[in-house]
Structure formats: C-alpha cells, structure tokens
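Colleague: I am new to this entry. Please display it, and let us then proceed by question and answer.

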Amino acid sequence: MPDLLLDIKGLETQFKTPDGIVHAVNGVSFGLKEGETLGVVGESGCGKSVTMLSVLGLIPSPPGKVVAGEAFFFGQDLLKMSKEEIRHVRGAQIGMVFQDPMTSLNPVLTIGRQLEEPLMLHIGMTKHQAQERAAELLTLVGIPNAKDRLNDYPHQYSGGMRQRVMIAMALSCSPQILIADEPTTALDVTIQAQIMELVKRLREELGMSIIWITHDLGVVAGIAHRVVVMYGGFIIEEASVNDLFANPSHPYTLGLLGSLPRVDEIEHGRLFSIDGQPPVLYQKPTACPFAPRCKWAMEKCWKENPMLEPISNEHRVACWVDTKTGRNR
Amino acid sequence: MSTQDTNETLLKVEDLKMHFPIYRGVLQRQAGAVHAVDGVSFEVKRGETLGLVGESGCGKSTTGRTILQLYKPTAGNVIFDGVDLVALKKEEMRKTRRKIQMIFQDPYASLNPRMTVADIVAEPMMVHNVGTGKEIQERVAHLLELVNLNPAFASRYPHEFSGGQRQRIGIARALALQPSFIVCDEPISALDVSIQAQVVNLLEDLQEQFNLTYLFIAHDLSMVRHISKRVAVMYLGVIMELADRDDLYHSPFHPYTQALLSAIPIPDPVADAKRRRVILEGDVPSPVNPPSGCRFRTRCPIAEKVCAESRPDFREVTPGHFVACHLVK
C-alpha cells in the first residue's frame, strides 16, 4: 500500500442515550493518501460525521465514547493522544470546515480576531504578523478588500462569504489535511459551485489532502478522487470515483443513485425509492444493517454481517449478494 | 372530473407584488421595503405541475404564500378558477381555501406536537365543518391509507414519526378537504435522499388519482425537472424565465438560468467533467435596494449598458418560452 497520511483502523464510537447505547460507528477502517480527496457519503445518522469527530477527539464525552480503534497520523495514534496534544494537531496540522458557517463563527468577535487567534496560538505569530497573514488568507479565499473586511463581524458577511472565512481559518496554519463536513449543504447551488471551485484551486496551490463529508453524490462526483459510502455506522462500499459511479455494487449505493433525479435526465420515469428508513442501532448489528430495506436480501443477510471485501482492484464492497447476477458472491 | 390534461387555466397570477415595509426610529416611520416579490405573472393549467425554482431569498416561497392570501399582496391579481382572490372578503377567502392547500417545508415545525395525527388530519374538516364526527374519523383513516401510513397510528403524536412519515401526515392534512390546487413549498428539502424519492413518487401518484394541480416550489433543480411540466426561474423577486421543462433545461435563454443549471452537481464524474461551468461572481443583492433595470445585471457575465437603464420585459421568445432579458433576441 502506498504511504497513507491518515490511517484509520477499526474505529468504534458509541453514545449513551436514555433509550440505550447507540452504536454510531461500528468498526470503520480507511486511509487517506497524500494529495487525494476522499469523499465520505451517507445519509443523516450513518456515522460519517461522528467518524471524523472521533478521530479528532471532538466527541463530547459523556455521552459519547470511542470504544475501539486506531488512527495513525505521521506514526502517532490520534486516539491515544492527550487533550493538549490533539489540540495542537487540530487546527495546526488538520484543519476543519463545518456545515453551518453562522453557528461556527463567534458573532461577537470580528472576523479578523477569529482568524488571528489560531495563528498566534498554534504558530506563535505576533499580533502584527497574524494581522498580515489574516488579510492574506482572506484574499486567498477570494474576499475583496480583505484588509478592511477584517474589522467586520460575521453578520456583515453573506453565507457564502462566511463559509470562505471558515475555509480561510481551516487553512490558516497550512494543514496537511482539510476535513470538510458538509461545507456546502447550507448554501445555494451557485454559491456551492463557487466554494467547490475554490477548494479545487486551493488543493492544487497548497497540495492538501482533503476529506469531504457529504450526503450529495453529485458533489462527490465533482470533487473526490476516491469515495467511501457509509450506512448504519459501517463502510459498505469503497472505490475510486469513476469506478463507483460506473459500477456501483452495493444495493444501497445502487438505490441512492437510482433515487436521484438528474438535471440532465431525458426519461421521466418513476424514481427508484428505497423503502423504509435508515436504522438507529441500539445493538451492534449481527446481520447486514441494510437487509430490512434491501430487495436482494437472502437468508444469509439476516444472519451474518458481510465484511468489506475487494471485488476488483481498489473497489471493496460489504455485501453477500453480487448485484449484477443476484446470486451469492 | 377528467384525469387528462386540459388546457384550462386554473390559476392566473398577474403582476403580483409583495413588499414588506421596514419601519425605523422612534416614530416607526416607514424607511423602505423589502421587495420580496416584484411583479410576477404566470398561469397554471389544471392538472399540471408548475415548478418554481430559485435560490434562497428570491421570493419563491413568498409568491406561494401570497397566492394563498396568507399575505395581503401590495399589488396584482390572483385569479383562481375565475375568481380574483385579492378582492375577496376574509370570510369568502376562508371558504375558498378549501380548494387551495399547502404542504410545508419543515415536517418538524408544521405539525403541532401536542395534537395526535388523527386530530391534525381532521382539523381542516373541523374548521370547515365538513361531515359528522364519525364521517371525519373514517375519512382520516382513508387519508392515512392514501399516503401509505398505517391508520392504526392515528392516535400517535408527531414525535413518534420520522421526517418522511411526518411529511406524509402533512400531505394527508392538505388532502383532507379535497382541494384542486396545492402549493408545495419545498416539501422534500428537509428529507434524506432515499426518503425524498418516496415522497415525490407519492405526490405524483396522488396527482394522477385526484387530478391535482401543483405549484412546486424548490431550490433543487434536478427534482423540479423530474416532477414539473413547466418551470419558472425566479431571481430577486422577478421571474427570469418560464418554459416547458425540457425546453428550459435543454436550451435555457437567460444567462441566470444557464449559470444556475451549470452549477448543479451531476452524480456522474464522467459527464460532470465534460460540462462547461458558468461560475457566478458574488452574492444575490439585497431585496431592500434591488439593482436598477435588470435585477441580475450585477452578477450577469454579459450585462451591457441597457441592462442598468430599463427593466427587461417578460416576453414570449419562442412559443411557450418566456424570458426577461434585453440581450436575448
């Protein structure tokens, strides 16, 4: 295997709730190669965000707890680090962008102040250096009159501009990895296109590796090199972006693609819908978590949870059924 | 009632304007107005679905609400089945509302958490005094079956249902008075991808069964293309382009429609890479002080001097294809 920048192995995260323990992430393993953009796709509650938050030590504990797993970053296990150590990795070496740019920014501090803080904290810049760098960063993400706009407050920025500020903040300490959790979901399509274009440009210029979490397969098709699809806290399919869209092999991936109308569609047939709804796992599943909604499900699917197995080079699927033939794999 | 398409106009909106006043100062003098809808005209034929798309803040939801007279329009006419709703008295309008219903965006906020499902679906019938208690009860059970919910769940409360199921409850409520026209205000944008297809398929089935007419408001252009017969594109309170679905998506005339369509991600990396993207600069201007002339000129890649001087007419360029742009010949 080529050198992995981030190597996650067997991650399991649980949450204690009044109704019982929710098994949010159930043994997730994947790696991020240098310079690549990895798309993590799934619906709400599939564990995609919790996986990344676990790796970064951002799971509120209690009620959450990372119960097993390793996450190697430059030879060090992020999950074994002390709070102080992981805090230094976060922000300095791994940058993050979240979905909602309004709640991620502090409304009573100026944009400049919020950009300068990590620079002084993590790299030890002086106030003056930090101010200059903050203006550079705003220019980098395409905000005009950057110097003047440093004194503005978040409410004076539009949604798209706030998300640009979040990206500038995540990039401020030149991280090796950028983790973007649904960064364009709250934005309009024309603004989403602007942000995706910006991230692609920065990826070239700065040579970052990116983990892009989203529920939108269209967005993934436009930005990722490789994709993992999650369901019920498991990775159920992993492939290069072209392979995934050309040969989707897990019934859930097939269902997701089928349920999307396309803006370039010609036929106006009925949409393919997946019956039922995503599971909340109060027990660690012993069967395939997708079996209740799967039209291919057979006896074995109800008894044993399939492992992620390769079906071709770099394409892995967790399913007992070969969806091309409908027979046992 | 026939189930096939007729050419009869059910709803005609003429030069509709909705300005929300802004009051300032101690004396609360009117200091300006939000030009949410600023001169919108279109027709909806019986049995068809008209899609109304645009980015957030473009006035699409306000248009829907103003048609239902939930806001008193500043100017313009809304002619429904030959009657001008704007001129109706309150009591007459209340009676007319039996024929015009609405499905809301947020399935969490639009259902009263203290009412059972049976009470929620029965409420419109109680308000309009339709039928005896027993008849209403039977009708509720029938309505729940129509939207594929188990009538045995009628005594449960909304929090016991998932987002998709709640949206079905909202649809059952909208159908309770056997309306002929339903304003669907972003009915699927709060739902997960695999659930969206379920709800859209249901809406299509019901339309066929009851010869319903929909105004389908959404920001998701792919879904609008799937469900609508004709599509209107709004920007900053004005309709920029209106045409037959395939016509609009194949040969959009307006530069805004072109940019909007090119910004939508396609779940297909090969097709996505081949597309020509028009990335719009900047953000949507404020509707308090909209640009002079053409509303889109500040972001338009081909704007000329004339665009700032006068507002373009909304004219028919090819049969059934309306555009508001000076530069389209």
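Colleague: Is the crossing of H7(A) and H8(A) left-handed or right-handed?
Modeller: This is a predicted model, in which local features need pLDDT of at least 70 and side-chain atom pairs pLDDT 80 or more, while totals for chains, interfaces and linings use all residues. Residues are numbered from 1 along each chain as its sequence is written, chains being lettered from A and ligands numbered from 1 in the order written. A crossing is left-handed if the near helix is turned anticlockwise from the far one by less than a right angle, and right-handed if clockwise. The crossing of H7(A) and H8(A) is right-handed.

Colleague: At what angle do the axes of H7(A) and H8(A) cross?
Modeller: Helices are DSSP runs (H or I, at least four residues) numbered from the N terminus, and axes are lines fitted to C-alpha atoms over the stretch in contact, with angles from 0 to 180 degrees between N-to-C directions. The axes of H7(A), residues 159–171, and H8(A) come within 10 Å and cross at roughly 20 degrees.

Colleague: Which residues of H8(A) make the contact with H7(A)?
Modeller: Contact requires C-beta atoms, placed from the backbone, within 7 Å. From H7(A), the residues include A:Gly160, A:Arg164 and A:Ile167. H8(A) contributes A:Ile191, A:Gln194, A:Ile195, A:Leu198 and A:Leu202.

Colleague: Which helix gives the largest share of the side of chain A that touches chain B?
Modeller: In all, 39 residues of chain A are in contact with 37 residues of chain B. H8, H9, H10 and H11 of chain A each supply at least two residues of that side. The largest share, six residues, comes from H8(A).

Conventions. Two residues are in contact if their C-beta atoms, placed from the backbone, lie within 7 Å.
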